[in-house]
Structures are given as structure tokens and as C-alpha cells.
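Open the model in your viewer and keep the selection panel at hand. Each stop below tells you what to pick and what sits there.

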Number of protein chains: 2
Amino acid sequence: MTPRPYTHGERQRTVDAGRDRILQAALELLQIDNIAAFSLDAVARRAGMTRMTVYNQFGSKAGLLEELFDLIVERGAFRDMPTVFTQSDAMAALEGFVAILGRFYTENRPVLTRMRTVAGTDPDFDEAMRQRHERRRHAIGALLERLRKQHKPVIAAAELLNTVDVLLGFNTFDALAGPARTPSDVVPLVQQMLRGVLGVEDKRKRSPRKTGRKPRRTR
Amino acid sequence: MTPRPYTHGERQRTVDAGRDRILQAALELLQIDNIAAFSLDAVARRAGMTRMTVYNQFGSKAGLLEELFDLIVERGAFRDMPTVFTQSDAMAALEGFVAILGRFYTENRPVLTRMRTVAGTDPDFDEAMRQRHERRRHAIGALLERLRKQHKPVIAAAELLNTVDVLLGFNTFDALAGPARTPSDVVPLVQQMLRGVLGVEDKRKRSPRKTGRKPRRTR
DNA sequence: TGATCAGTTATACTCCATGTATAACGGCTT
DNA sequence: AAGCCGTTATACATGGAGTATAACTGATCA
């Protein structure tokens with residue numbers, strides 16, 4: 001009995017350093033090698049550890065990838081979230097959010113691509129990812145709430161959250177960017193699509209283009 | 001020398017029947033088992049053949065899946081394509097195309113899901129799929145051409161084809177539908193998003209929507 | 001200082017899947 | 001009757017995930 005937690009001190013620090021080295025190695029492997037070659041063995045070797053240590057620390061490949069996801073979320077583009085969210089203009093906040101997502105997807109494109117395919121074969125990991133995506137969904141929900149009544153969306157309210165969530169998902173950015181561009185390059189496009197769905201006019205160059213029909217109709 | 005092709009007759013027919021049985025078995029495995037359990041061994045056993053025969057006929061797992069894709073394209077919802085395309089109203093044709101895609105995705109959802117994940121790990125298969133998707137892209141291009149000048153799309157012309165192509169891809173339908181609905185259920189939604197992108201007004205019930213303001217004062 | 005504990009390592013498995021090689025088999029074909 | 005060709009049986013190689021176990025090692029604590 002009397003479990004000695006070793007919760008402080010040198011010991012704990014070296015263990016944590018080991019975890020970090022493993023996560024870092026996994027990240028690098030995914031960023032650099034991109035293609036296959038991502039096995040727990042390769043990760044462990046690159047981290048200067050044994051495969052067994054990876055299992056000790058993360059339990060499984062899925063476990064490692066879950067923590068890896070949390071890591072990139074913490075230290076990536078999302079740091080700017082508070083700034084963007086506290087803008088008074090709701091639409092500006094939403095578009096800023098799109099820009100943040102674009103950067104996040106760009107920074108971690110190989111990682112996210114791999115996670116997407118792993119999720120396709122590992123139900124546990126798929127579920128874990130789904131839960132993590134709930135945070136994005138909530139953020140979108142909050143922003144849409146602020147927009148309510150300001151605009152007349154093209155999509156029915158019941159579907160709006162779902163639709164925007166899909167529109168802002170990694171898949172959309174990744175597919176739009178294709179092999180030649182980055183998700184960040186595609187941010188203006190997504191913003192346009194978003195405005196289309198939300199029924200918001202483009203504030204900038206309100207493209208004079210023929211001026212359609214007399215807007216002063218007042219009805 | 002003198003290669004005797006055996007190109008006609010009973011022999012060829014039994015071989016073809018074998019191929020068909022294998023393809024059919026693969027299809028069933030993907031539709032039914034959905035989850036893992038899709039190995040060449042399982043396919044061969046279900047077809048009453050040996051794994052070696054699968055390799056003889058298709059060369060690899062990727063080869064089998066490629067032919068499987070061609071099969072579902074041939075005998076699925078795309079049969080209605082000519083009817084839809086020959087409509088005089090270009091927008092109606094495009095929306096009909098969306099409906100066809102919805103049915104195709106619904107009928108083959110498990111298959112396409114699996115193919116998507118295989119493409120994530122097998123570069124050859126990924127390339128093969130990419131080429132096959134060119135056909136959809138061409139079809140969309142043709143339809144957009146007919147729409148040109150009739151509408152003022154929200155998206156720049158240079159990006160329009162790409163954008164619509166992404167919007168009509170399997171990923172979009174699949175994500176919009178989620179676990180509770182089918183891609184077909186989601187067709188009206190995609191059509192709405194499409195109209196939003198194309199800058200087309202909804203022809204149908206120009207949504208009186210609660211009549212928000214000014215309900216004729218009847219009160 | 002010395003015992004102890006926890007995490008790491010070495011080693012050896014199991015299981016499963018893809019893919020390759022080879023020789024025997026058997027039936028349609030000429 | 002002879003031959004061709006796809007199928008089958010069998011064996012093997014490769015590689016990854018995951019489990020089990022005992023030895024090791026260094027920080028911790030009494």
C-alpha cells in the first residue's frame with residue numbers, strides 16, 4: 001500500500017520529458033514523412049525510446065494520436081481565439097474564426113490527414129475525434145447565436161449549425177485547397193461560401209456589376 | 001508461341017463469373033459488415049474462391065476496389081444521367097444532378113467510406129480515385145457552362161468549378177448527413193448551398209417565412 | 001546509505017493482413 | 001489426345017499492432 005506517487009521531483013520531470021519527446025517525434029514523422037512510415041516503432045526510434053515505452057505512456061496508437069491532437073490544438077493557431085471572439089461585430093468574429101481554422105488546418109495538414117484516415121479504420125479513435133470536434137461546433141453555435149436576426153440565412157435554422165459546421169470542417173478546406181494550395185489560401189473562398197449560406201452581403205467591394213434592380217424599393 | 005486466347009466460349013464465361021462473384025462478395029462485405037473485416041481473405045472465402053484467385057484477377061486490393069468502383073458507377077444511380085442532363089433548364093439539370101449524386105452516395109455509402117480510407121493509405125488507389133472523379137468534374141463543368149451569364153455567382157469564376165466540385169463531393173454529403181440520415185436526405189440542403197454559391201434565387205415557395213415584419217397588420 | 005518503487009528496456013511472443021512464389025490440378029479448347 | 005490457362009494448395013516473407021515478462025536503472029525516501 002502507501003502508494004508513493006512520485007508526483008513531484010526529478011523523476012516526474014524526466015518521464016514527462018519522455019512523453020514530450022515521443023509526441024514531438026510523432027509530430028515530426030507525420031509532418032515530414034507524410035506518407036506511410038508512421039508506425040509506433042518508427043516513432044519510438046525517432047524519440048530514442050522503445051516501442052514498449054510508447055505503450056506504457058499512451059496505451060495504443062489511437063491514444064498517442066489523441067494526445068497529439070490535443071497538443072496541436074493547444075499550441076497552434078487557436079491562441080488567437082479570444083481576440084477574434086471578443087470582436088463586437090459578429091460577422092467579423094465568424095470570419096476571423098474561419099481564418100484561424102485555415103491556419104490551424106494549414107499548420108497541421110499532414111497530421112490531420114493522417115488522423116482522418118486512422119479514424120476511418122479505428123472506431124475508438126473516430127469517436128474520440130468526434131467528441132473533440134464538438135468544441136468547434138459549440139464555438140460556431142455561439143457565433144451563429146450572435147448573428148441571429150441580423151441576417152436571413154439561406155439554410156433553415158434547424159440545419160444551419162450543422163451546415164456551417166460541415167462547411168468549416170477540415171475536409172472542406174482540404175478539398176478546396178487541393179494539392180497545389182494550402183487551406184489558408186482558401187480562407188476567402190470559404191468566407192464567401194459562408195456568406196452565401198448565411199445570406200450576408202459582401203461588405204467590401206460591393207461589386208457594382210450592373211447594380212441589379214433599384215435597391216430603394218423600400219417595399 | 002501462338003497464344004491461344006480462349007477469348008470466347010465456356011471457359012471465358014466461367015472465369016468472368018468468378019470475377020463477378022468476387023466483386024459481388026466484396027460489395028456485400030462492405031455493405032453488411034461495414035466495419036473492419038474487409039480483407040482479401042474474407043472476400044475470397046465469401047466468393048467461394050481462394051485468395052490467390054483474387055490476386056490473379058485483380059492484382060491487388062487496390063485493383064479490386066478500382067473495379068468495384070467502376071461497377072457501382074455503371075449499375076447505379078447514374079443511369080438517369082441522360083434524362084437529367086437533357087433538360088432545357090440548366091439549373092434544373094444541375095439540381096437533378098445533385099439528386100443523382102445523393103442517391104449514388106446513399107446506395108454506396110459504406111463502399112465509398114471504405115474507399116476513402118483506403119485512398120488515405122494507398123497512394124496508387126488514391127490516384128486512381130482522383131482520375132475517376134474527373135468525370136464528375138467534367139459533368140459539373142458542362143452544367144456550369146450552360147449556366148454562365150444567367151446568374152451572378154458569389155464565387156469568382158476561376159474558383160467556381162473547383163468550389164462546386166467540392167460541394168458535390170461525397171465528403172460533403174456524408175458529413176452533412178451524419179450518422180442519423182442518408183446523403184439522399186440531405187439533397188435539398190446541398191441544393192440550397194449550391195444556390196447560395198451560384199447566386200440563384202429559390203424558385204419555389206419564395207419563403208414567406210413567418211412573415212416576420214409587416215404581417216399585413218391584420219391584427 | 002540502502003531498500004524500494006516506477007518507468008524503461010530487452011526479448012519473445014501472438015495475431016492479422018498484404019503480397020509473392022511455385023508446383024500440382026482440372027477442365028475447356030483445339 | 002494434347003495442351004493451355006486459370007484455379008488451388010502450400011509455403012514463405014514482410015510489417016505492423018498489441019501483450020507478457022523479467023531484468024534494469026535511477027530517483028526517492030526512510
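Helix axes here are lines fitted to C-alpha atoms over the stretch in contact, and angles run from 0 to 180 degrees between N-to-C directions. Helices (H or I, at least four residues) and strands (E, at least two) are DSSP runs, numbered from the N terminus. This is a predicted model: local features need pLDDT of at least 70, side-chain atom pairs count only at pLDDT 80 or more, and totals for chains, interfaces and linings use all residues. Residues are numbered from 1 along each chain as its sequence is written, while chains are lettered from A and ligands numbered from 1 in the order in which they are written.

**Stop 1: a helix pair in chain B**

Select residues 61-75 of chain B, helix H4, and residues 123-147 of chain B, helix H8. They pack at an angle of about 15°, with axes 10 Å apart. That makes H4(B) roughly parallel to H8(B); angles under 35 degrees count as roughly parallel, over 145 as roughly antiparallel, 65 to 115 as roughly perpendicular and the rest as oblique. Now show side chains. H4(B) brings B:Ala62, B:Leu65, B:Glu66 and B:Phe69 to the contact, and H8(B) brings B:Asp124, B:Phe125, B:Ala128 and B:Arg132. Two residues are in contact if their C-beta atoms, placed from the backbone, lie within 7 Å. By class, this contact has five nonpolar, no polar and three charged residues. Ala, Val, Leu, Ile, Met, Phe, Trp, Tyr, Cys and Pro count as nonpolar, Asp, Glu, Lys and Arg as charged, and the others, Gly among them, as polar.

**Stop 2: chain A as a whole**

Switch to chain A. How many helices and strands are there in chain A? The chain has eleven helices and zero strands.

**Stop 3: a crossing in chain A**

Select helix H1 (residues 9-32) of chain A and H7(A). Their axes come within 8 Å and cross at roughly 95°. That makes H1(A) roughly perpendicular to H7(A). A:Leu27, A:Leu30 and A:Gln31 of H1(A) meet A:Pro110, A:Val111 and A:Arg114 of H7(A).

**Stop 4: A:Val190**

Pick A:Val190, in helix H11 (residues 187-198) of chain A. Is A:Val190 buried or exposed? A:Val190 is buried, with 21 other C-beta atoms within 10 Å. Leaving out residues up to four places away in sequence, A:Val190 touches A:Val98, A:Leu167, A:Thr172, A:Phe173 and A:Leu176.

**Stop 5: between the chains**

Show both chains. The contact takes 25 residues from chain A and 25 residues from chain B. On the chain A side, H11(A) gives the most, with six residues. That side has eleven nonpolar, ten polar and four charged residues. Then select A:Thr163, A:Val164, A:Asp165, A:Val166 and A:Leu167, the buried residues of H9(A). They pack against elements of both chains, including H8 of chain A and H11 of chain B.

**Stop 6: the symmetry**

A turn of 180° and a shift of 0.0 Å along the axis give an RMSD of 0.0 Å, with copies superposed by least squares on the C-alpha atoms of residues with pLDDT of at least 70 in both. The two copies are thus related as by a two-fold rotation axis. Of the interface residues of chain A, 96% are also interface residues in chain B, so the copies meet through the same surface.

Notes:
A residue is buried if 20 or more other C-beta atoms lie within 10 Å of its own, exposed if 12 or fewer, and partly exposed in between; C-beta atoms are placed from the backbone.
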